[in-house]
Amino acid sequence: MKYNFDKIPNRRGTNSLKWDVDRKELPMWVADMDFETVPEVQEALVQRVAHGVYGYSVIPDEWADSYVNWWEKRHHFRMDPKKLIFTTGVIPALSSAVRKLTTPAENVLIQTPVYNNFFNSIRNNGRNVVENELLYDGKEYRVDWEKLEQQLADPQTTLMILCNPQNPAGNIWDCETLARIGALCKQYDVIVVSDEIHCDLTKPGTEYIPFASVDDTCRDISVTCIAPTKTFNLAGLQTAAVYAENSILHHRMWRQLNTDEVAEPNAFAIQAAIAAFQYGEEWLDELREYVEKNKQYVTEFLQEKIPLIHPVAGDATYLMWLDCRKITESGRQFVKFIRKTSGLYVSGGNQYGKGGEGFLRVNVATSKLVVEDGMQRLYESVDAWLKEEKISK
C-alpha cells in the first residue's frame, strides 16, 4: 500500500473525545478513525495556517464543484451545485431540518436500531420519535413494510430520517427498497431527510445508492446530508453539506441553517473539504481495503474464540455490529462489565433504540494491532462474564 495505516499517532493528551480516557482503557466506541488524514489535506491546512489570518470565510464555487464531481464519479449522481448548502455538520443539519420541516408535537420516523443522535435531534426539539424497528433474521436487516406504512399513514408523521447506509448495522439499502420508501412517503406527504455521511465507507467493490438518485419522487421529496468528515477523518473541522433539489425544500433548509447560524464555515472547513475530494480517492480506496481486513480478522477471531458472539454482515461503515444475545440481553450491563474488567470501551446497542439490546457496536478504523488488542480484551471479558454467570446460577 502507498499509505501506512498501521501507523497510529498517539492521540492521548490532545483533548480527543475518543482517547480522553484512563490510560489502561482502549477506546473502540465513537465513530472516529485513528488514521492520519490525506496528506494533501494536511498540506492544505498547513498552508492556510501559515497565512496567519483567520477571519470570516466565504464559500467559493470550487467547494460545491468538489462535491458535485466526487458524487458524479464515485456515486453516479449528478447534483446541481446551486442546490448545495454549506453547514457545520450533519447533526446540526438534522436538527435544523426537524425544526423547519415539522412543528412541535409532530412525529418523526426513524428505523431502529439507528444512530443514537437521531433521538436527540427529534426529542430536543419537542417532536415525537416513532421507531420503525427493522426486522432481523439473525443474519441481516430488512424493512417491516406493513408497520412502516401504518406509521407513515398517521397524519402526525410528517418527517422520516433515513440512515443510508445504515449505522450501526452497516446495511446498504438497495434501489428497490429506497424507491419503495420514497413512494410511501410521497403517498402520505412525508418528507425524507437522508443522512448519507457513511456513504463512501463501503466494502471494496460495493457501492451505495444516494436516495435522491433513485427516481424523480425520491429526488423531489428529500433533503440529503453529506460530508467528507467520516470518510477522511475530519469531524473536528466541522464541514458538511445539505442537498435539496426541490426548490421549496432547498429554500426552507437554507433559511433554517442560516437562522440556526450553522451555515458559516470556519477558516479551515472549505480548504479541507476541497482537498479531500480532489486528492483523497486513492487514500480512500486503500483505507477501505484496510478496514475490510480488520473486519475479516474480527469475524474470524469471534468464530474461533467467541462463537457465542455473531458479527452482523454489513457492507458499509468502519463499525461492526455484534450480536451478543446468546450471552446476555442486557447490553448496558455487559458494556459496563467489559470496560471494568478489560478496559475495552465499546458502545452498547441499547443506545440505538428498539432491536439494539444485546448488541455491541465496535469501531475497527484503527491499526490491526489495536484491533487484535481489543479482541483479546473482549475474549477475556466474555470469559469472566460467563464464569460469573455460572457461579450465580
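Me: How many helices and strands does the protein chain have?
Reply: The secondary structure of the protein chain comes to 13 helices and 15 strands, where helices (H or I, at least four residues) and strands (E, at least two) are DSSP runs numbered from the N terminus. This is a predicted model, in which local features need pLDDT of at least 70 and side-chain atom pairs count only at pLDDT 80 or more, while totals for chains, interfaces and linings use all residues. Residues are numbered from 1 along each chain as its sequence is written, and side-chain values use heavy atoms, with hydrogens and water left out.

Me: What radius of gyration does the chain have, against that of a compact globule?
Reply: The protein chain has a radius of gyration of 21 Å, which agrees with the value near 21 Å for a compact globule with 393 residues; the radius is taken over C-alpha atoms, and the globule rule is 2.2 Å times the number of residues to the power 0.38. Along its principal axes the C-alpha trace spans about 65 × 55 × 35 Å.

Me: And what percentage of the residues is buried?
Reply: Buried residues make up 57% of the 393 residues, with buried meaning under 20% relative accessible area, exposed over 50% and partly exposed in between (1.4 Å probe, protein chains only).

Me: Switching to the sheet, in which order do the four strands run?
Reply: The order in this open sheet is E11-E12-E15-E14, with antiparallel pairing; two strands pair if DSSP finds at least two bridges between them. At the edges are strand E11 (310–311) and strand E14 (347–348), each of which pairs on one side only.

Me: Which helix packs on the sheet?
Reply: Helix H11 (residues 281–305) does, touching E11 and strand E12 (319–323), where contact means heavy atoms within 4.5 Å. The direction of H11 makes about 15 degrees with that of E12; axes are lines fitted to C-alpha atoms, for helices over the stretch in contact, and angles run from 0 to 180 degrees between N-to-C directions.

Me: How many bridges join E12 and E15?
Reply: E12 and E15 pair over five bridges in the antiparallel sense, and Leu 319 has Asn 363 in E15 as its bridge partner. E14 and strand E15 (residues 359–363) pair over two bridges, also antiparallel: Gly 348 is partnered by Leu 360, and Ser 347 stands opposite Arg 361.

Me: Why is E15 described as largely enclosed?
Reply: Five of the five residues of E15 are buried, so E15 is largely enclosed by the rest of the structure. Phe 359, Arg 361 and Asn 363 point one way, and Leu 360 and Val 362 the other way.

Me: Now the aromatics: how many pairs are there?
Reply: The count comes to 24 aromatic pairs, taking rings of Phe, Tyr and Trp (its six-membered ring) as paired if their centres lie within 6.5 Å, with planes under 30 degrees apart counted as stacked, over 60 as edge-to-face and the rest as tilted. Trp 29 and Tyr 345 are stacked, because their ring centres are 4.8 Å apart and their planes are at 15 degrees. This pair links distant parts of the chain, 316 residues apart, and both residues are buried.

Me: What about Trp 321 and Tyr 352, what geometry do they have?
Reply: Trp 321 and Tyr 352 are edge-to-face, 5.6 Å centre to centre with 85 degrees between the planes. Trp 321 lies in strand E12 and Tyr 352 in the loop between E14 and E15, so the pair ties together parts that are 31 residues apart in sequence.
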